Structures are given as C-alpha cells and as structure tokens.
Amino acid sequence: MSDFLIIGGGVIGMMLTRELAQSGAEVTIVDRKACAKEASWAGGGIVSPLYPWRYPDAVTQLATWSQSSYIHLSQDLLEETGCDPELRQKGMFMVDVEDHEEALVWAKKFHRPLREVDASFVYQKEPHVAKDVDNALWMPEVCSIRNPRLGRSLRESLVKNPKVTVLEHYEVESFLTAGNRVLGIKTNQGEVRGDNVIIAAGAWSADLLQLVGKSLPIEPVHGQMMLFKAVPGLVNRVVLKGGRYVIPRNDGRVLVGSTLEHFGFNKQTTEEAASSLYETALGIIPELENYKVEHHWSGLRPGSPEGIPYIGLVPEFENLYLNAGQYRNGLVLAPASTRLLVDILLGQETIIPASPYRVDR
C-alpha cells in the first residue's frame, strides 16, 4: 500500500505524484484512461491567465508562483527524460483591450511586467498580425508550453521513479471507507489502497466526490481548438484578441482557441465552432489562410466559481484531499496548486495562504 493514492493522471495529478515521490513517499497514481490525455492534452499551454486582471486575487497568487517555476521544471524534465516540453519564453500581446486601465492598475498592484505599446511595436515583433491593431498590452515574460509534450515528459519521469506506481485504464467504481477514513478505491481492475487519497481528476472530480456523499460546483466546460500546419516564423508570440488567441509552436504549427460551451461530458466538435475558430485565426494572422488546418478537437475544463480551485482536505474525512477546479488555467496554476497541496500533506508552511482554496470555503 502506498503512502499516497492519487486519482487523476493529468498534469496536476502527475506533478503531485512527482513532488511527493521526490520527498521520499511511495505514490500510486491511477487514471481512467492514459495519463495526460484529457484537458492536459487538449489545452493551449499559455502560462498565464487570459486577461489576468479579470481574475480574483486568489488566482493571481497561484499563477504568479507557477509562471516562474515552469522555467526550472521544463529544464529538469528534459534532463530527466530527454523529452522537451518546449517552453517558449516569447511574451504575449493582448490586442485592442478595452479595460486597459484596470490592467495597468493590476500590474502595479502585483508587480507584474505589463505595459501599453503602440501598433508599430506590435508589428516590429509580429509583422504578420492583421493590420487593424491600434494598441496592445505587452507581457514580455509570459511563456507557452507544448502541453502534450509536458504530459509525456511528466509521465516518463514517473515511470522512471521506483517510488511511483502508474496504473492506467483503472476506472473508479467506489471508495473503500472505514468511518471518516478512505482506505482506497474499487476499480474495474480491482482494489487500490493508499494511506492518503487525493482526487485530482479535473472535470470528473465532482462525480468522484459524489461517491462519498459530497458535492461541489465543478462542472465540465467544453472547449474546441484548431491547429494550422504553418511554418516557423509566421507567428512567434502568443497573440490574444477578442477573447481568443493564437499560440505558435517550435515547428511552426499554430493553435487557435478556444470556445466556451456547455455540452456536459460530450466531447463533440461542431462545424459552427470550426468556422468560428477559422475566422478567428485569420482575423489575427491573415496569412494562415495559406496553410492547412491539420486538426480540430475538443476538451473538458473543470469549471468552478470564479475559476478558484479547491485545494485541501475534504470535510468530514481525515485523509481524503482534493485538487481540482482550475477551470481555464489548469496548466497555468498546476505547479503552485501542486506545491500548495504538497505543503499541506507534509505539514509544511504553505507557499501562499491556503484558506482561499479550502474545499469548505
């Protein structure tokens, strides 16, 4: 039996597993499918909330801690596994933002590098952006990461660690309990036990909590994205306009996203969304019209009130914990969400105050 049993093999679940194992604990991680094949794979990988000043301070605190930690994490994972998560430190433009004054106030309050720039500055760095830019906000330290490769490198790191057991295609059917303790889980492949149990299953976390009689407002929020097979240099930085964005990859591919829809757990793609995403892409980078659309997919975000995740002990249980509800910012908030819960689990001083994320808040 492991010291910790983690349910959910997304980026957050794998980061938790990795940090706990590095502390010396024996950890088992289970996933209903394969690791990092749901929201962790489907997202865009911008290491910043979109329009970050529009989020509560609790999100900003997690995001700020996480953004700097990705630099070291990506380097460590490359050395450990040989799989490069492709962190790009190129910055982000937010074009024609109406509430730019609020953005500047937020940046000053939280000491974040953000400034107004004119159109000539934008076109100097991104000459292929549509020629209708009046002004932009520029965040030079914003990174993006290639999330499928991040997931692959995290999984490889766990497989290489003798303190970690990775169990894929284990679907939870029920929890094994005794009084206010959770002993483990019953799955389609048998029982799995752990001294402490952590639910980190993204949009599926609320359904798992219902198995122990608990309810939380975490729900699936559907998002569709599109990928263009472009060439290196067409776009070099994240460009955000009208609530949507383009994200370049090292090989020249360009992502455009994303939609916000409520289809439950049905991961469908629609022609309406495809047309809308295509128009968005050309509205930001017109020359994308010359390149093939390589893929159109969807994923499920774990929606929560105001996007503030639930991190900590589940009430009325002494060893059941939760780390879920990061909404659109799962990758952004993952390192800090992980570290905060690890601090709680190991009885250490937390990196930031834990109360805003309490499960019973």
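In this predicted model, a cavity is a set of grid points where a 1.4 Å probe fits but cannot get out, and its lining residues have an atom within 4 Å of a point.

Q: Which helix gives the most to the lining of the largest cavity?
A: The largest cavity has a volume of about 60 Å³. Its lining includes Thr-60, Ala-63, Thr-64 and Gln-67. Residues 57-81 form the helix that contributes most, with four residues. That helix is H3.

Q: How many residues of the lining of the largest cavity are charged?
A: The lining includes Ser-48, Pro-49, Trp-106, Arg-112 and Met-139. By class, five lining residues are nonpolar and four are polar. The charged count is one.

Q: Why do the buried residues of H4 lie on the same side of the helix?
A: In H4 (residues 100-110), Ala-103, Trp-106, Ala-107 and Phe-110 are buried. They lie on the same side because they cover an arc of only 100° around the axis. An α-helix has 3.6 residues a turn, so residues three or four places apart point the same way. The arc asked about is thus only 100°.

Q: Which elements do the buried residues of H4 pack against?
A: The face turned away from the buried side carries the exposed residues Val-105, Lys-108 and Lys-109. The buried residues pack against a helix and a strand, the latter spanning 135-139. These elements are H3 and S5.

Definitions and conventions
Residues numbered from 1 in each chain as written. Predicted model: local features only at pLDDT ≥ 70, side-chain atom pairs only at ≥ 80, totals over all residues. Heavy atoms only, no water. 1 Å grid on protein atoms, 1.4 Å probe; cavity = no way out; pocket = protein on both sides within 12 Å on 5 of 7 lines; lining within 4 Å. Points joined across faces, edges and corners; volume = space filled by probe spheres on them. Helix = DSSP H or I, 4+ residues; strand = E, 2+ residues; numbered from the N terminus. Nonpolar A, V, L, I, M, F, W, Y, C, P; charged D, E, K, R; others polar. Buried < 20%, exposed > 50% of the residue type's maximum accessible area, 1.4 Å probe, protein only. Arc of directions from axis to C-beta. Contact = heavy atoms within 4.5 Å.
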